[in-house]
Amino acid sequence: MHWDDMRLFLGVARGGGLTSAARALRLDPATLGRRIARLEADLGARLFVKGPTGYRPTEEGARLLDHAERAETAFRAAETELRGALSGAVRIGAPDGCATYLLPQVTASLARDNPDLEIEVVALPRIFDLNRREVDMAIAVSRPTAGRITVQKISDYRLSLAAHRDYLAAAPQLRSVADLRDHRIVGYVPDMIFDRELDYLGGIGVDRVDLASSAVAVQARWIAQGAGVGIVHDFTLPHSPGVVRLLPDEVSLTRTFWLLRPAGDVRAARLDSVARALVAGLRAEIACAECRA
């Protein structure tokens, strides 16, 4: 058995199928399928079963996965020690606001310092399943209370009621939260709020949304285009010239980003360095953006 066989096996196990794994491994799916079939023949065991949701490791495959990840950890640790830099692949899940406005700067710096490190950012408005290894680590807005998850606080961040100056110039006066009834409201699609921490408008007593999106970036762009009033992350304001905070004495929200990782991950030693750099970079980026806001 060769390390390259283990690398391909890990790719299919993590990708959940030949097509996605082949894309990540830069192989033709048919070639990858033949390599996995050959590995199964060499080992005399079936490693995957194909189901409605993709390829799932068999009992034998699950046992091999544990050994393969341990081998990968040892290999990457030796490589990192010799090269003095991080390498391999890391997949980070994050809500789209963080992924759009913070992670590009942080991960670009991480990539420059570690040329052999492959970084994937999965930006989706939902909670990631770490136990199913959808991602290696996830940034969340709520601290989980169940599951075998390692939790680290990244940073608090602020949110404000805001609108563009052009919108305010033509809109009714806004002296209090009660006046919002006379304004177009920008916010989340109500039945797609995947975390209670994101129900910003409900927290200030607003139960109507005129322009709704599940994506923070879309909401921010609507507000920047003068389409209405909504809650914005303060770290988005440097990217939105002309957008100003409103009613700061009445509306000032604070939330927290948490870094989540599977407890007992055999790759923890290698990913510890990535996590440290990620947390430090996000803290600095949030502080810098909020100072410029």
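Are Phe-9 and Phe-48 buried or exposed? Both residues are buried, where buried denotes under 20% relative accessible area, exposed over 50% and partly exposed in between (1.4 Å probe, protein chains only). The model is predicted, so that local features need pLDDT of at least 70 and side-chain atom pairs count only at pLDDT 80 or more, whereas totals for chains, interfaces and linings use all residues. Residues are numbered from 1 along each chain as its sequence is written, and side-chain values use heavy atoms, with hydrogens and water left out.

For Phe-9 and Phe-48, the ring centres are 5.4 Å apart and the planes stand at 40 degrees, so the pair is tilted. This pair links distant parts of the chain, with Phe-9 in helix 1 (residues 3–15) and Phe-48 in strand 1 (residues 48–51), 39 residues apart. Helices (H or I, at least four residues) and strands (E, at least two) are DSSP runs, numbered from the N terminus. Ring pairs also join Phe-9, Phe-48 and Tyr-55 into a cluster.

The rings of Tyr-157 and Phe-257 have centres 4.1 Å apart and planes at 20 degrees, so this pair is stacked. Because Tyr-157 lies in strand 6 (residues 149–164) and Phe-257 in strand 11 (residues 252–262), the pair ties together parts that are 100 residues apart in sequence. Both Tyr-157 and Phe-257 are buried.

Three cavities of 30 Å³ or more are present in the structure. On a 1 Å grid over the protein atoms alone, a cavity is a set of points where a 1.4 Å probe fits but cannot get out, and lining residues have an atom within 4 Å of a point. Grid points are joined across faces, edges and corners, and a volume is the space filled by probe spheres set on the points.

The largest cavity has a volume of about 80 Å³. Of its 15 lining residues, Pro-95, Tyr-188, Leu-198, Val-216 and His-233 are the closest to its centre. Helix 5 (residues 96–101) contributes the most to this lining, with three residues. The lining comprises eleven nonpolar residues, three polar and one charged, with Ala, Val, Leu, Ile, Met, Phe, Trp, Tyr, Cys and Pro counted as nonpolar, Asp, Glu, Lys and Arg as charged, and the others, Gly among them, as polar.

The second largest cavity has a volume of about 50 Å³. Helix 9 (216–224) and strand 9 (229–233) are the elements that give two or more residues to its lining.

Key:
On a 1 Å grid over the protein atoms alone, a cavity is a set of points where a 1.4 Å probe fits but cannot get out, and a pocket is an open set with protein on both sides within 12 Å along at least five of seven lines; lining residues have an atom within 4 Å of a point. Rings of Phe, Tyr and Trp (its six-membered ring) pair if their centres lie within 6.5 Å; planes under 30 degrees apart count as stacked, over 60 as edge-to-face and the rest as tilted.
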